[in-house]
Structures are given as C-alpha cells and as structure tokens.
Amino acid sequence: MSKLTLSEWLKRETRADHHRVDQHPLLKPLLKRDVSLEEYATALSALYAPIASLEMALNSSLPANNVDYVLVERAALLKADIEQLGGQAEPAYRIPPSANVAEVVGKLYVLEGSRLGGAMIARHIHSVLGSQAPLRFFTAQPLQAEQWAAFWRCAEHYCPPPSWPALRVSAQQAFEYFIQGVEAEVGSI
C-alpha cells in the first residue's frame, strides 16, 4: 500500500463518504447555531435505522468472524430520545452478514466513528435547546480517546495491508447505509 498507517489510509480513502454523511441537509443542522427541536428530532430519526441495522449486523458478525471486540450498543438510547421527542424510530433493516474480518472492521470503523462527535454535538444541542432535548444517544456512550486508540489496535491486528481494500469497501457500504437512512427520512417528511 504505502507508508501510511491503517488509520491514516482509511480516513483518507473514506473522506468523501464521511463528508457526504456529515454534510447531508438532515444531519448538518445538528451543529447549526439555531438548530430547532424539530431539526434535532428529524436528525435523530434519520440516524436510527442505520445505527440499529449496523449494530444487529455486527452482533452476529463479530463472533462469526472470531473478532474479539466489545460493541457498544446505542440504538436503544437513540430510540428513547426519538420517542421522548414524540417520534417513532423506523425499523432496522437487514444488512448482509460480513463475509470476513475486514468487512467487520470496516463496519466497526463507521459505527465507532459515529460516537466520536457525540460529546461535541451534545454540548452544542444542550447550549441551544437546553433540557428540552434528550441527549442519551450522544452522551451515554461517547468514544473516549483510549477507546478509539484501542479500536485502531484491533483493526491493525485483524487487518494486514492486503485486506485494506476490502475494509475500505465495507466502510463505504456502512456510510451508504447512513445515506440510505437519511434519504428514507427525507421521503417520510
């Protein structure tokens, strides 16, 4: 590949996918100065199906591929926040099982990465909307620096450089699940 670490390489390879999710009109308002409670509720609803679906897929794929990694599940927290806002969580959908370890790690990269900005989003939402905005999803299980470093150690352990292209494809598919979830929410508005 190159002299890049797996972390550097995968971040570079999926930058456009990540940007596409973060900048989607339904999710971008999460960091607006004047985000409304309705925009917040819509963003949470858009996130539920991809989060729940990836968690379900990984719950079976981790043991099936002998990957020793503890998945932090947050779908129930997200559902509780959505319901508190008067919404209803869309059902999760079936994601094909991961055929190999690289596919598992690619999905984990996106799901665990989604935890990174949680504390920042929670602080912002709380500063704008106060206590009317439930924040369990963003605050209960934020990804700490040592946990992110542990994820990368795990990824490097399980994914030698020849497996990186498969890992990238899996991560891109996981980002696409987020886009599908957001677009489904657009269709329901």
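1. The largest nonpolar core of this predicted model has 60 residues, and those with the most contacts inside the core are Tyr40, Tyr109, Ile125, Phe138 and Phe151. A nonpolar core is here a set of buried Ala, Val, Leu, Ile, Met, Phe, Trp, Tyr and Cys residues joined through side-chain atoms within 4.5 Å, where buried means under 20% relative accessible area, exposed means over 50%, and partly exposed lies in between, with a 1.4 Å probe and protein chains only. At least two residues of this core come from each of α1 (6-13), α3, α4 (75-84), α5, α6, α7, α8 (145-158) and α9, and α3 gives the most, with twelve residues. The helices are DSSP runs (H or I, at least four residues), numbered from the N terminus.

2. A word on the basis of these values. Residues are numbered from 1 along each chain as its sequence is written, and side-chain values use heavy atoms, with hydrogens and water left out. This is a predicted model, in which local features need pLDDT of at least 70 and side-chain atom pairs count only at pLDDT 80 or more, while totals for chains, interfaces and linings use all residues.

3. Which residues does Phe151 touch, leaving aside its neighbours within four places in sequence? Phe151 is in contact, meaning heavy atoms within 4.5 Å, with Tyr69, Val105, Leu108, Tyr109 and Glu112 once those neighbours are set aside. Both Phe151 and Tyr109 are among the residues with the most contacts inside the core.

4. Phe175 is found in helix α9 and counts as buried, at 5% relative accessibility. Not counting residues up to four places away in sequence, Phe175 touches Thr14, Asp17, His18, Val21, Tyr109 and Val110. The C-alpha atoms of Phe175 and Tyr109 are separated by 9.9 Å, although the two residues are 66 residues apart along the chain.

5. Two residues of helix α6 deserve a look together. Ile121 lies in this helix and is buried, with a relative accessible area of 14%; leaving aside neighbours within four places in sequence, Ile121 is in contact with Leu30, Leu31 and Phe138. Ala122, also found in helix α6, counts as buried at 5% relative accessibility, and its contacts beyond four places in sequence are Leu135, Phe138 and Thr139. As for spacing, the C-alpha atoms of Ile121 and Ser36, 85 residues apart along the chain, are separated by 14 Å, whereas Ala122 and Ala133 are eleven residues apart in sequence and 9.3 Å apart in space, C-alpha to C-alpha.

6. The loop between α3 and α4 holds Asn66 and Val67. Is Asn66 buried or exposed? Asn66 is exposed, with a relative accessible area of 63%, while Val67 counts as buried at 7% relative accessibility. Most residues other than glycine have a negative phi; Asn66, although not a glycine, has a positive phi of about 55°. Leaving aside neighbours within four places in sequence, Val67 is in contact with Leu62, Val101, Val104, Cys154 and Tyr158, and the C-alpha atoms of Val67 and Cys154, 87 residues apart along the chain, are separated by 8.7 Å.

7. How many disulfides are there? The count comes to zero, a disulfide being a pair of cysteine sulfur atoms within 2.5 Å. The sulfur of Cys154 has its closest cysteine sulfur in Cys159, and because that sulfur is 7.9 Å away, it is too far for a bond. Cys154 counts as buried at 11% relative accessibility, and Cys159 counts as buried at 2%.

8. Finally, the open space. Rolling a probe the size of a water molecule over the atoms shows where empty space is left. A pocket is defined on a 1 Å grid over the protein atoms alone, as an open set of points where a 1.4 Å probe fits, with protein on both sides within 12 Å along at least five of seven lines, and lining residues have an atom within 4 Å of a point. The largest pocket holds about 690 Å³ of space, a volume being the space filled by probe spheres set on the points, which are joined across faces, edges and corners.

9. The largest pocket is lined by 28 residues, of which His18, Asp22, Gly113, Ser114 and Gly117 lie nearest its centre. The lining divides into 16 nonpolar, eight polar and four charged residues, where Ala, Val, Leu, Ile, Met, Phe, Trp, Tyr, Cys and Pro count as nonpolar, Asp, Glu, Lys and Arg as charged, and the others, Gly among them, as polar. The largest share of the lining, five residues, comes from α2.
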